[in-house]
Amino acid sequence: MNYERTLDLEQALLQFRYEEDGRLYERESFLSYPDQVFVYQLNAVDDGEVNFDLYLTRRDTRSGKTVSYLENIICENNCIYLTGYNGNRDSGIEFTMGASIQVKEGTVRSYGSRLAVEHARQVTVYVVGRTSYRSEHPKSWCEEQLGKVMKKSYSQLKTAHIQDYQKYYSRVGLMFDGESSCELLPVPERLENIKKGADDPSLAALYYNFGRYLMISSSREGSLPANLQGIWANEFEPSWGSKYTININIQMNYWMCEKSGLTELHLPLMEHLKTMLPRGREAARNIYGLDGTCAHHVTDIWGDCAPTDYNGSSTIWPYGFVWLCLHVIEHFQYTGDMDFMREYYTILEENVKFLLGYLYQDGSGFYATGPSVSPENVYITEDGQKASVCCSPAMDIEIIREFFLKYLEVCSSLGMNTYTEAVRERLEKLPPHQDRKIRTDHGMAGGLRGGRTRTQTYFTIVCVISQNTD
């Protein structure tokens with residue numbers, strides 16, 4: 001009753017207020033980067049009580065599935081630890097999740113694999129997690145981390161979390177003129193009002209700030225890049241294996257970084273390119289017989305660069321690595337960091353080497369690509385059939401043109417010229433854009449996906465796409 005839920009974007013706090021049996025309860029939670037812990041506090045504001053059981057599970061919640069995939073649940077010293085292996089003990093990833101509780105004016109007791117809270121006025125739950133991807137002994141790390149955070153007060157943890165978050169969030173502000181009373185309404189109501197023609201420009205600013213909140217919360221120094229689920233996935237078997245889709249999605253995640261003053265949070269993506277580099281060299285050599293490096297439309301935490309799907313409209317496309325190189329160049333353009341560019345120049349050069357070998361001259365004298373696809377797009381043939389594989393789709397040419405242009409700028413800054421002559425020769429003979437009817441699942445194609453090179457012909461293509469998209 002009287003239920004309210006609020007996400008405070010300025011402090012990265014999730015807050016709840018509700019009434020039950022005439023008594024007011026409040027909850028607040030946050031994920032702390034500096035203390036590496038999820039903190040969840042429950043308060044009985046009036047004369048109510050907080051009573052519940054806490055347990056951990058790793059159960060497949062899909063319909064018809066009931067198996068719990070874990071090795072053990074250990075309850076000791078008012079802490080619960082869930083442990084197991086993703087795969088097997090020899091080659092799988094070991095994981096541990098740990099949770100503990102502190103109460104005021106109540107009791108905590110353990111029974112079986114649960115912690116029972118009774119007659120408490122305030123309860124604070126602490127949750128940590130670790131895998132062998134980061135630590136040799138995940139359970140030991142969780143035990144140590146819980147011990148550290150539980151020596152601090154809730155106020156100390158919350159203050160450290162807010163200070164850490166706001167050093168990024170407070171760098172940028174975006175405001176639009178408009179009716180300020182809209183900001184007091186719940187977001188679903190604001191969306192419905194816009195559908196009816198209401199003017200609410202501040203909702204766009206809210207959406208932008210929500211994007212910054214997600215980026216700050218899921219891509220930090222030393223972390224893996226943010227994927228389609230951020231860094232959290234509540235499904236037992238998340239969509240696309242919770243991998244990195246690099247034919248648009250991960251690029252979209254990170255387009256805002258440099259423009260929003262979050263340059264450090266861009267680095268996890270670029271660090272991952274180092275993991276991909278040797279796998280990309282294997283793909284270029286074993287699949288195409290070429291020097292250099294390449295990646296297709298999906299990669300993972302191990303840097304896989306091979307084709308990974310049976311979908312003809314996305315699999316035959318070796319430009320994922322090239323497109324990600326534009327993020328490296330953009331970071332350099334914003335920061336002017338010469339040491340950074342020297343560190344990553346090899347990655348750019350390896351992608352250049354692949355393209356120089358992969359491009360071929362067609363009957364018109366242009367340097368063409370293919371067989372290839374415009375990722376997840378379908379075009380209509382002259383006899384009305386749907387197809388996806390072609391030569392020199394606009395997507396390829398847009399990415400290659402922009403990459404070559406930016407690569408030449410980088411070479412000029414660094415005084416490098418090993419491949420500049422060959423790049424200029426290919427650049428001058430890339431095919432021009434052509435109007436085509438395209439059906440796309442993404443609702444966009446070609447350079448519209450984040451390229452910087454624009455032509456009048458290209459805007460004609462955009463108009464055709466918008467008229468033929470379901």
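Reply: A residue is called buried when its relative accessible area is under 20%, exposed when that value is over 50%, and partly exposed in between. With that cut-off in hand, and bearing in mind that this is a predicted model, we can turn to Ser313, whose relative accessibility is 11%, so that Ser313 counts as buried. Ser313 sits in the loop that runs between strand S13, residues 298-299, and helix H8, residues 320-335.

What does the side chain of Ser313 make a polar contact with? The partner is the side chain of Asn311, and the distance between the two is 3.0 Å. Beyond its neighbours within four places in sequence, Ser313 is in contact with Val373, Ser374, Pro375, Glu376, Asn377 and Ser388.

Pro371 is located in the loop between strand S15 (367-368) and strand S16 (377-380), and the peptide bond that joins Gly370 to Pro371 is cis, with omega at about 0 degrees.

Ala12 has a phi near 55 degrees, which is a positive value in a residue other than glycine, and Ala12 belongs to the loop between strand S1 (4-8) and strand S2 (13-20). With a relative accessibility of 9%, Ala12 counts as buried. Ser242 likewise has a positive phi, near 55 degrees, and is a residue other than glycine; its place is the loop between helix H4 (202-218) and strand S12 (244-245). Is Ser242 buried or partly exposed? Its relative accessible area is 24%, and Ser242 is therefore partly exposed.

Lys274 is part of helix H7, which covers residues 263-288, and at 32% relative accessibility Lys274 counts as partly exposed. Setting aside residues up to four places away in sequence, Lys274 touches Glu343, Tyr344 and Ile347. With Glu343 there is also a polar contact between side chains, at 2.2 Å. As for Ile347, its C-alpha atom is separated from that of Lys274 by 7.7 Å, although the two residues are 73 residues apart along the chain.

Gln166 is found in helix H2, residues 154-169, and its relative accessibility of 30% makes it partly exposed. Not counting residues up to four places away in sequence, Gln166 touches Glu10 and Gln11. Gln166 and Tyr213 are 47 residues apart in sequence, while their C-alpha atoms are 9.9 Å apart in space.

How many disulfides does the structure hold? The structure holds zero disulfides. For Cys142, the closest cysteine sulfur is that of Cys79, and because the two sulfur atoms are 10 Å apart, they are too far from each other for a bond. Cys325 is in no disulfide either, the nearest cysteine sulfur being that of Cys305, 11 Å away. Cys142 is buried, with a relative accessible area of 0%, and Cys325 is buried with a relative accessible area of 0% as well.

Finally, the whole protein gives these local details their setting. The secondary structure comes to 12 helices and 18 strands, and the C-alpha trace spans about 80 × 60 × 50 Å along its principal axes. Of the 470 residues in the protein, 44% are buried, and Ser313 is counted as buried at its 11% relative accessibility. Among contacts with a separation of 6 or more, 62% are between residues 24 or more positions apart. The accessible surface of the protein comes to about 24,000 Å², and carbon and sulfur atoms account for 48% of that area. There are 47 positive and 62 negative side chains in the protein, and the centres of these two sets lie 2 Å apart.

Methods. Residues are numbered from 1 along each chain as its sequence is written. This is a predicted model: local features need pLDDT of at least 70, side-chain atom pairs count only at pLDDT 80 or more; totals for chains, interfaces and linings use all residues. Side-chain values use heavy atoms; hydrogens and water are left out. A disulfide is a pair of cysteine sulfur atoms within 2.5 Å. Buried means under 20% relative accessible area, exposed over 50%, partly exposed in between (1.4 Å probe, protein chains only). Helices (H or I, at least four residues) and strands (E, at least two) are DSSP runs, numbered from the N terminus. A polar contact is a pair of N or O atoms within 3.5 Å; within protein, one must be able to donate a hydrogen and the other to accept it, and residues adjacent in sequence count only if both atoms are side-chain atoms. Contact means heavy atoms within 4.5 Å. Accessible areas come from the Shrake-Rupley method with a 1.4 Å probe; for residues, only the protein chains shown count as cover. Lys and Arg count as positive and Asp and Glu as negative; His and the chain ends are not counted. The place of a charge is taken as NZ of Lys, CZ of Arg, CG of Asp or CD of Glu.
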